[in-house]
Structure formats: structure tokens, C-alpha cells
Amino acid sequence: MKLLELLYEQENKYIEEIDRLEKNPDDVVFIEADEKTGWICLKASDNSYDWNIVRLVGDFNKAKNYICDIPFKKDYILLVDKNTDLQIISNCIYNGSLLYFENTSLTNSIDSNNEYDSFVDNSLLRKNIKTKASPYNSRIDDLYLIMKNRICGYCKLIKSSWHYAEVAIEINPEYRNQGFGSYLLDGMLQQFNEHNLKMSYVVENDNIPSVKLANKFLKKSFELDKYLYRG
């Protein structure tokens, strides 16, 4: 089975891998144990914010003997199911978990009249949210919070596959805890639901504000332990 077909069998789990494989296939290596098991290795492109990632695909017990074949020379992130026993791999440092959230067909927009009154004026929010077509999906606009003539926050697509897109949310420190993140994510969700597109949102488990925001709008799909492996 071709690697791309294998990843699409669990599309919501491998959005970043699919995106990078489709756009930069030369930066992707698959260390194959069998046709459905191995390590997918994604080298970060130059001048990108991507990580060097190694991701388990399939059965760890079949793939574990091939870990030494991973080609990276620099530090990289090793992602495996949270129940995987990594004691047999030396130099693995536990570094927390990644939580994967996604929307459902039942996701409803929150009542903006009640939700934001305690934070900021609704008309001010609408006036200061600007849109820009996403380069990842022609149906979705990235959303930007513009205050004092500068970008103070955004919710935008960062990775995409056929049916899913991953979003990132960032609010400048002086504008946090005022409801802006909720407003941006709610606006993005309305677009996703309108176009029957599935959202993916990845959060580190110790990022409490982002976890709270995700729990408010989305459901947790699955969890990975994150390890820093020094080759």
C-alpha cells in the first residue's frame, strides 16, 4: 500500500503528515516494517516553523526494531500512542502530551449576545476582525484581529488534507483573557460547519488556556505522548 493511501485510512490522525507529504515529498521518509507499519519521518523545511517529526504508523512492536534507521542528525520529536512502552529506546525524554481536538456535525455557534458582553463590545469585535483567503483551502478565510493598526491575534489554517484542516490560534499577550480567542474560533467554526469541513486543533496538554478554549468548542479526538529523542 502506498504511504499516502495508508495515512488517509486515518486521515484525522495524520493531517500534518499528509500535508507535508503532498507538498514536499522529498522531505518525507518512511522506514517500513511492513506495508502498514513503520516510522514516518518528516524533516522540517528550511525557514519553516515545522518540527523534525518521527511518527509511529501501525504496530509499535513491529516497528521498534527499525528506530535506529531514522535518518535525522538533529533533535527531533518522536510521536507515539500514549500507551506505547518506550523503555527499550534509549535517550527518550518524556516531554508531555499533545491533545487532538476536532469539531463535530453538532457543533453550534455560541450565543454571541451572551458570551462576549462581559469582555468587549460586539460591534468593536466585528469591526476589528479582518479576513484573508486561506492558501490551504479556498472555502475558508483566515481571521485576524486588528487593533491599533496591527495584527493582535489570528485564527488561521496551517495544514490541510482532503476533509480536514488544522487551525492555529494566537492572541498577543496584552489582548488575552478578553474573549478574543473565543470570538475568532467561533467565527472559524461557522465557516467549517457551513462547508462541511472538519477542523483539527492540536494543543500541548500544559497549555491550559488553549485546552480550555478547545474544550469549550470542540471534542477531544485522541491523545499522543510527545517525546524528545536525541539522535
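Angles between axes under 35 degrees count as roughly parallel, over 145 as roughly antiparallel, 65 to 115 as roughly perpendicular, and the rest as oblique. This cut-off is needed for the second of the views below, which are all drawn from a predicted model.

**Figure 1. Overview of the protein chain.** The predicted model shows a protein chain with 7 helices and 11 strands. Of its 231 residues, 48% count as buried. Among contacts between residues at least 6 apart in sequence, 61% join residues at least 24 apart.

**Figure 2. The crossing of helices H6 and H7.** Two packed helices are described by the angle between their axes and the distance between the axes. The axes of H6 and H7 come within 11 Å and cross at roughly 40°. H6 and H7 are therefore oblique to each other. The crossing in which H6 passes H7 is right-handed. On the H6 side, the contact is made by Gly181, Ser182, Leu185, Asp186 and Leu189, and on the H7 side by Leu213, Lys216 and Phe217. Sorted by class, this contact of H6 with H7 comprises 4 nonpolar, 2 polar and 2 charged residues.

**Figure 3. The buried and exposed sides of helix H7.** Helix H7 spans residues 208–217, and its buried residues are Ser210, Val211, Leu213, Ala214 and Phe217. These residues lie on the same side of H7, because they cover an arc of only 160° around the axis. Pro209 and Lys212, on the other side of H7, are exposed.

**Figure 4. Ile169 in strand S9.** Ile169 belongs to strand S9. With a relative accessibility of 15%, Ile169 counts as buried. Not counting residues up to four places away in sequence, Ile169 touches Tyr154, Cys155, Leu185, Tyr201 and Leu213. Leu185 and Leu213 also take part in the contact between H6 and H7. The C-alpha atoms of Ile169 and Lys156 are separated by 6.8 Å, although the two residues are 13 residues apart along the chain.

**Figure 5. Lys159, a buried lysine in strand S8.** Lys159 is part of strand S8, which comprises residues 150–160. Its relative accessibility is 8%, so Lys159 counts as buried. When its neighbours within four places in sequence are left aside, Lys159 is in contact with Ile15, Glu16, Asp19, Arg20, Asp50, Tyr136, Ala165 and Glu166.

**Figure 6. Glu32 in strand S1.** Strand S1 (residues 28–34) contains Glu32. Glu32 counts as partly exposed, at 46% relative accessibility. Apart from its neighbours within four places in sequence, Glu32 is in contact with Thr37, Gly38 and Tyr66. A separation of 9.7 Å is found between the C-alpha atoms of Glu32 and Lys62, which are 30 residues apart along the chain.

Figure 7. Lys148 is located in the loop between strand S7 (141–147) and S8. Its phi is near 55°, a positive value in a residue other than glycine. At 73% relative accessibility, Lys148 counts as exposed. Asn196 is located in the loop between H6 and S10. For Asn196, phi is likewise positive and near 55°, again in a residue other than glycine. Asn196 counts as exposed, with a relative accessibility of 70%.

How values were computed
Residues are numbered from 1 along each chain as its sequence is written. This is a predicted model: local features need pLDDT of at least 70, side-chain atom pairs count only at pLDDT 80 or more; totals for chains, interfaces and linings use all residues. Side-chain values use heavy atoms; hydrogens and water are left out. Buried means under 20% relative accessible area, exposed over 50%, partly exposed in between (1.4 Å probe, protein chains only). Helices (H or I, at least four residues) and strands (E, at least two) are DSSP runs, numbered from the N terminus. The arc is that of the directions from the helix axis to the C-beta atoms. Axes are lines fitted to C-alpha atoms, for helices over the stretch in contact, and angles run from 0 to 180 degrees between N-to-C directions. A crossing is left-handed if the near helix is turned anticlockwise from the far one by less than a right angle, and right-handed if clockwise. Contact means heavy atoms within 4.5 Å. Ala, Val, Leu, Ile, Met, Phe, Trp, Tyr, Cys and Pro count as nonpolar, Asp, Glu, Lys and Arg as charged, and the others, Gly among them, as polar.
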